[in-house]
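Visitor: Could you take me on a close look at one part of this structure, the places where charged side chains pair up, and then show me how those places sit in the rest of the chain?

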Amino acid sequence: MKDLPLTVKRSIELLGLVLLGTLLVIGNDIIMPVIMAFFISIVLLPVFRFLKKHRFPEVLAIVLPILLLAIILAGILWFFSSQVSVLVADFPQIKNNVNIHLKALSDWVSTISHYSTKEQVDFINKNTNELVSFAGKRVSGAALTLSSLFVFVGLLPIYIYLMLFYKDIILRFIFMWFTPDHHPKVKEAIYESEEIIKNYLVGLLIQVTYMTILLGGILMAIGIKHALLIGVIFAFLNLIPYIGALIGNIVGVLLTLTSSTELWPVVTVLLVIAAVQFLDNNILMPRIVGSKVKINALFAILGVIIGGNIAGVSGMFLSMPIIAVLKVIFDRTDMFKQWGVLLGDARPQRSPMQFPAFRKKRGVESKPGVEKG
């Protein structure tokens with residue numbers, strides 16, 4: 001590869017990216033559960049090592065962490081469903097509030113335009129068939145997504161078990177892919193990737209917990225109805241970088257509007273969400289995750305959008321740890337170092353157009369790493 005012309009090298013890189021993207025699009029139903037299982041198995045590794053250290057049988061040391069994870073997820077689902085049941089119980093009141101808001105909106109439209117209330121109703125009725133047709137398509141798509149979700153969840157524990165059971169085979173395969181003189185860099189990249197994935201996913205679980213408690217608790221103390229439901233929905237949507245927070249704000253506003261006929265609760269909800277987000281982004285989350293790998297906002301947003309187009313919500317959720325691991329790998333390879341620079345947020349101190357020193361590839365120090373078992 002070193003003797004090839006630069007144009008050929010770059011063409012091979014771009015072709016590889018296209019092939020990788022095509023593979024992810026075509027086989028996302030197969031690949032995404034494997035990637036998700038890989039990341040979860042990394043998170044469960046410390047528990048597995050702890051149990052192995054205390055002489056638990058290997059099978060039991062793998063099964064117990066998976067059961068612990070299943071219990072935690074079941075608790076989250078139970079909490080969410082209990083909040084939704086409260087919302088469903090208030091449906092008659094919600095219907096009345098929605099009618100009040102729609103009437104107010106209709107009166108406002110009448111004051112700023114020449115459309116009367118009757119003309120607005122006629123316009124809505126005229127487009128009802130299109131709305132029903134669109135909703136039917138969405139429901140059929142949701143049914144397909146739901147069936148694929150059951151397959152996804154059913155395969156996850158199997159994949160996690162097998163990855164923990166065969167982790168040494170996978171590690172041997174990775175080392176055999178490289179020459180012995182590159183093994184120190186490979187070893188360091190494995191340890192750093194493990195640390196990034198573990199900190200990121202555990203940090204997200206902690207983030208969901210304190211965001212739900214903080215946001216839901218403050219809104220409940222103020223007297224906002226469905227405060228805990230707003231808190232838990234926003235906390236989970238906030239797991240999707242940048243885009244999730246925006247959707248969470250919209251959902252919070254809609255839930256508040258349906259539970260009140262006044263506008264002050266909406267302003268209150270938005271202010272509380274902004275305050276909690278500021279606390280989360282600038283104080284809590286950086287201390288919890290503590291990752292040294294920083295991804296710039298441009299490629300974080302692009303990664304979320306591309307991941308969502310490829311694999312839906314799971315792709316959006318997994319985009320950040322995948323990009324972080326790719327950056328760790330790129331930073332340690334001379335051939336792809338420029339891609340690591342592109343993904344990172346380390347801006348050069350001077351313009352590369354005027355200072356040649358900032359145009360060069362700089363090496364990353366390689367450490368042998370600390371053995372973790």
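Guide: Let's start with Lys167, which is buried at a relative accessible area of 16%. Buried here means under 20% relative accessible area, exposed means over 50%, and partly exposed lies in between (1.4 Å probe, protein chains only). Please keep in mind that this is a predicted model, where local features need pLDDT of at least 70 and side-chain atom pairs count only at pLDDT 80 or more, while totals for chains, interfaces and linings use all residues. Residues are numbered from 1 along each chain as its sequence is written, and side-chain values use heavy atoms, with hydrogens and water left out.

The side chain of Lys167 meets that of Asp168 in a salt bridge, 3.4 Å from N to O. The term stands for a side-chain nitrogen of Lys or Arg within 4 Å of a carboxyl oxygen of Asp or Glu. Asp168 counts as exposed, because its relative accessibility is 53%. The structure holds four such salt bridges.

Another one pairs Glu195 with Lys198, at 3.7 Å from N to O. Both belong to helix H8, and because they are three residues apart, about one helical turn separates them. Helices are DSSP runs of H or I with at least four residues, strands are runs of E with at least two, and both are numbered from the N terminus. Glu195 is partly exposed at 31%, whereas Lys198 counts as buried at 17%.

Now look at Glu194, whose side chain forms a salt bridge with Arg49 at 2.9 Å, N to O. This pair links distant parts of the chain, 145 residues apart, with Glu194 in helix H8 and Arg49 in helix H2. Both Glu194 and Arg49 are buried.

A contact means heavy atoms within 4.5 Å.

In soluble globular proteins, nonpolar side chains tend to be buried together. Leu219 touches Ile224, Ala227, Ile230, Val269 and Val272, leaving aside residues up to four places away in sequence.

Stepping back, the chain has 13 helices and zero strands. Of its 373 residues, 32% count as buried. Among contacts between residues at least 6 apart in sequence, 69% join residues at least 24 apart.
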